[in-house]
Amino acid sequence: MNLASIPSPSTGVIELGPIPLRGYAFCIIIGVFVAVWFGNKRWIARGGRAGTVADIAVWAVPFGLVGGRLYHVITDYQLYFSDGEDWVDAFKIWEGGLGIWGAIALGAVGAWIGCRRRGIPLPAWADALAPGIAFAQAIGRWGNWFNQELYGRLTDVPWALKISEGTNRVAGTYHPTFLYESLWCVGVALLVIWADRRFRLGHGRAFALYVAAYCTGRAWIEYMRVDEAHHVLGLRLNVWTAVIVFVLAVTYIVISAKVRPGREEVVEPHAAEPAEGAEPDTGKPAEAEAGADAPDSDTADAEAKDPEDDGAPQKADQS
């Protein structure tokens, strides 16, 4: 018998007049805002310009949403293309269903396009954004709470999640895997921030650390889930994905540290240049600059005392 549990919302939609505010979409939007805001702060600290992160996010976010949805629909195609299912539901992203693997993969393509347009190295941009992405995931996971989805096995722990009867779900108390992953993502973000300050990670290694750390948590959290999923050799598909991506991320960290040690000195070309039309800063006081072309006062006095030689002999000073 449960003495305590986490209640689930009675509905995932709040009606604001004629506009439905869906909890899942709201969490995703807030997560994106936090990632861009925090990434911008880190980018400026690395020597980049304010606003560059947002400019590139304009490319990365739409690509990421499409990639996340594609991964979900492809790996869970039976939910949309089986007998009795409506394939149109594959486009209803607000009902849940974004695969982080597809979101990161295709989002990276969008970011690459944005970085090329700005002449910015993608690894440096990814390093700046890495902890912000983890924070965004921590916030976005609460969208699953609104939709009462992606929970774990039945349990009677005090922090169990109470699920109500509904389509494709049975009432009961389950492990709140959404909460586990949300807390794990916060820990990943803090780990990346600490490691980046401690070891001055560069050339994409901060991002790779985020990926590796996230995969570590996702593997055991995924193992606890009970929602329908494809299995390979007895393990859920996402568990295998987490293991493979973890190995790739760690391999990248090791090789990158040997091939390109240290951190980029310049992350955004011309970031320190003055605005168009502005006077360049020479680091000297205005008075010094103004007097730079004026004759030296001692020289001027000497010239005043010594008349120009007109060919006549000058008398020596007898005083």
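Mentor: This is a predicted model. The protein has an accessible surface of about 19,100 Å², and carbon and sulfur atoms hold 64% of that area.

Trainee: What share of the residues is buried?

Mentor: Of the 319 residues in the protein, 39% are buried. The fold comprises eleven helices and six strands.

Trainee: What makes the pair of Trp-184 and Trp-220 edge-to-face?

Mentor: The structure holds twelve aromatic pairs. In the pair of Trp-184 and Trp-220, the ring centres are 6.2 Å apart and the planes stand at 80°. Ring centres must lie within 6.5 Å for a pair, and planes over 60 degrees apart count as edge-to-face, so this pair is edge-to-face. Trp-184 belongs to helix α7 (residues 177-199) and Trp-220 to helix α8, so the pair ties together parts 36 residues apart in sequence.

Trainee: Why is Trp-184 called partly exposed?

Mentor: The relative accessibility of Trp-184 is 30%. Buried requires under 20% and exposed over 50%, with partly exposed in between; Trp-184 therefore counts as partly exposed. Trp-220, at 39%, also counts as partly exposed.

Trainee: Why is the pair of Trp-194 and Phe-199 called edge-to-face?

Mentor: The ring centres of Trp-194 and Phe-199 are 5.7 Å apart and their planes are at 90°, so this pair is edge-to-face. Phe-199 has a relative accessible area of 49% and is partly exposed, since exposed would require over 50%.

Trainee: Which residues touch the most other members of the largest nonpolar core?

Mentor: They are Trp-43, Trp-101, Trp-125, Val-192 and Tyr-210, in a core of 35 residues. The elements giving two or more residues to this core are α2, α4, α5 (122-140), α7, α8 and α9. Apart from it lies another core of seven residues, among them Trp-145 and Tyr-151.

Trainee: Which residues does Trp-101 touch, leaving aside those up to four places away in sequence?

Mentor: Trp-101 touches Tyr-71, Tyr-214, Cys-215, Arg-218, Asn-238, Thr-241, Ala-242 and Val-245. Asn-238, Thr-241 and Ala-242 are among the buried residues of α9. The cover over the buried residues of α9 includes α2 (52-75), α4 (100-118), α8 (205-224) and β6 (235-236).

Trainee: How do you know that the span of α9 is close to the expected one?

Mentor: Helix α9 (residues 237-259) has 23 residues and reaches 33 Å from its first C-alpha to its last. At 1.5 Å a residue, 33 Å is expected, and the span is therefore close to that value.

Note on methods. Residues are numbered from 1 along each chain as its sequence is written. This is a predicted model: local features need pLDDT of at least 70, side-chain atom pairs count only at pLDDT 80 or more; totals for chains, interfaces and linings use all residues. Side-chain values use heavy atoms; hydrogens and water are left out. Helices (H or I, at least four residues) and strands (E, at least two) are DSSP runs, numbered from the N terminus. Buried means under 20% relative accessible area, exposed over 50%, partly exposed in between (1.4 Å probe, protein chains only). Contact means heavy atoms within 4.5 Å. Accessible areas come from the Shrake-Rupley method with a 1.4 Å probe; for residues, only the protein chains shown count as cover. Rings of Phe, Tyr and Trp (its six-membered ring) pair if their centres lie within 6.5 Å; planes under 30 degrees apart count as stacked, over 60 as edge-to-face and the rest as tilted. A nonpolar core is a set of buried Ala, Val, Leu, Ile, Met, Phe, Trp, Tyr and Cys residues joined through side-chain atoms within 4.5 Å.
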